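Student: Could we go through a structure together, one question at a time?

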Amino acid sequence: MGSDPFFMGDYYQAEFLTRRQIEEIQLSALRGAIDRAKHSEYYAKALAHISPGDIHSLQDIRKLPFTTKDDLRSHMPYGFLAVPVKDVVRMHYSSGTTGVATAIYHTRADLQWWAECVARGLRGVGVTEEDVFQNMMGYGLFTGGLGLHYGAELVGCMTIPAGAGNTQRQVQLMREFNTTVIHILPSYAMRVAHYCEEHGIDPARDLKVRVALLGAEPHTERMRRRIEEMLACKVYNCYGLSEMCGPGVALECPEQDGLHVREDHYLAEIIDPETLEPVEPGQEGELVLTTLNRQANPLLRYRTRDVTTLNPEPCPCGREHSRISRIVGRTDDMFIVRGCNIYPIQVERVLLGVEEVGSNYLITLETEDDLDQMTVQVELRADVFFDDVRTLERIRQQIAEELRHETLVSPRVELVQPNSLPVSEGKAVRVVDKREKPE
Ligand code: ADP
Ligand code: ZN
């Protein structure tokens, strides 16, 4: 790298910026981002009293208002667009998991740096042009497919745009083309792994997958280890959201200890979602992100609703880009049962600690006698005998006891046959809330 931190002959060099260089880049880019954002109808008003000159340090970002998903929704379609429509080359929609979907626009330059962020993450875990990359995420409006696609092509991988679903064909493609790297939803990875098991395919012997990138859904460390074992590969966590382009915002490095935020493009803060004040360093809170270089659709202090922590310490891998910890869930994923706050991921943590548990589970919340009742349905593995009533009862009691310990409520636990719970093509639905809502 030259002495000028802004010069990068190869985009990968940005991975090794020092903390000081990162902060210099962020400060100057933040001023530029404010300037560009003001070209949009929304920020022209929201930032009427702020100019780039008001930003003297990175802490001054607190002078800017937050932006929320509701702001985006109420200014659809073009209220946040900061360039003429003729300069836009692509739009994406968020998956709409939590309500009305929102559109995000990209210029050619935006697509380029987005692909570079993804490519940096891929190269960071050892992916090269020698690899065959099978992308098992949905293509189309959802950003998971195209986001990784262009990054993998930039690395030079032979890229297979398989899309989501059709497990038989996925496995066939993996075998036929010797796929070495996959990008996949954690819930779907479990299904693929069980499919292999049920069809006598031993991934260690019959497949060549060595790296799996898991994204778009919260998942536990246990889920990661299980998938690593079942698919005989290394699993890395890959985070992003459509409002911030898509996957590529933060990815794990070989240390598997936190996801490096590409901080030369995204400025990350963690706030308390109640007080909106920054949390103490290392404390859990809501991730707030600012796009630093986006042209078409700059977003400042966007409240992701994702709950995590931020670690600015240098990583043993050599990177000084801060790391977020694995996402616990969204602030709105959390549900309250009889006064106890629960994230679905806590239930998953317990279930995956039980050897006989298979690939899917469902939490149902109901009202019974004016009280909340939580039922957890759990698929068991194909090799568990459903005739062995005593074993089943032991597993059921173990799960119920551990869930009570983890969540402080006593759930009803039902063990069900493999592949009997509903599956979705996209993100897994973990909670069905049928409770009576107060008038
Ligand atoms: P939607 O908000 O409609 O689901 P997106 O497709 O943009 O739309 O999804 C982004 C969201 O997916 C993130 O805000 C986060 O909640 C979740 N997500 C993405 N990647 C991960 C990951 N690696 N771990 C946990 N959650 C993730
Ligand atoms: Zn690292």
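Below are some questions and answers about this predicted model.

Student: Let's start with R224. Is R224 buried or exposed?
Tutor: First find its place: R224 sits in helix 9, residues 221-231. Its relative accessible area is 1%, and the cut-off for buried is under 20%. So R224 counts as buried.

Student: Helix 7 and helix 9 cross. At roughly what angle?
Tutor: Helix 7 covers residues 186-198, and its axis comes within 10 Å of the axis of helix 9. The crossing is left-handed. As for the angle, it's roughly 30 degrees.

Student: How many nonpolar residues are in the contact of helix 7 with helix 9?
Tutor: Look at who meets whom: from helix 7 there are P186, A189, M190, V192, A193, H194 and E197, and from helix 9 there are M223, R226, I227, M230 and L231. Sorted by class, the contact has 1 polar and 2 charged residues, and the nonpolar count is 9.

Student: V192 is in that list. How far apart in space are V192 and V279, C-alpha to C-alpha?
Tutor: V192 lies in helix 7 and is buried, with a relative accessible area of 1%. Leaving aside neighbours within four places in sequence, V192 is in contact with T167, V171, M174, I184 and L231. V279 is 87 residues from V192 in sequence, and in space the two are apart by 39 Å.

Student: Why is helix 10 described as largely enclosed by the rest of the structure?
Tutor: Helix 10 runs over residues 344-351. Its buried residues are P344, I345, Q346, V347, E348, V350 and L351. Helix 10 is largely enclosed because the buried residues number 7 of the 8.

Student: What does the side chain of H219 reach at 3.0 Å?
Tutor: H219 is found in the loop between strand 6 and helix 9, and it's buried, with a relative accessible area of 3%. Its contacts, leaving aside neighbours within four places in sequence, include I345 and E348, both of them buried residues of helix 10. At 3.0 Å, the side chain of H219 reaches the backbone oxygen of E217.

Student: Last one: is K434 buried or exposed?
Tutor: K434 lies in the segment after strand 21, and it touches T364, L365 and E366, not counting residues up to four places away in sequence. Its relative accessible area is 53%, and the cut-off for exposed is over 50%. So K434 is exposed.

Methods. Residues numbered from 1 in each chain as written. Chains lettered and ligands numbered in written order. Predicted model: local features only at pLDDT ≥ 70, side-chain atom pairs only at ≥ 80, totals over all residues. Heavy atoms only, no water. Helix = DSSP H or I, 4+ residues; strand = E, 2+ residues; numbered from the N terminus. Buried < 20%, exposed > 50% of the residue type's maximum accessible area, 1.4 Å probe, protein only. Axes fitted to C-alpha atoms, helices over the stretch in contact; angles between N-to-C directions. Left-handed = near helix turned anticlockwise from the far one by under 90°. Contact = heavy atoms within 4.5 Å. Nonpolar A, V, L, I, M, F, W, Y, C, P; charged D, E, K, R; others polar. Polar contact = N/O pair within 3.5 Å; in protein donor to acceptor, adjacent residues only side chain to side chain.
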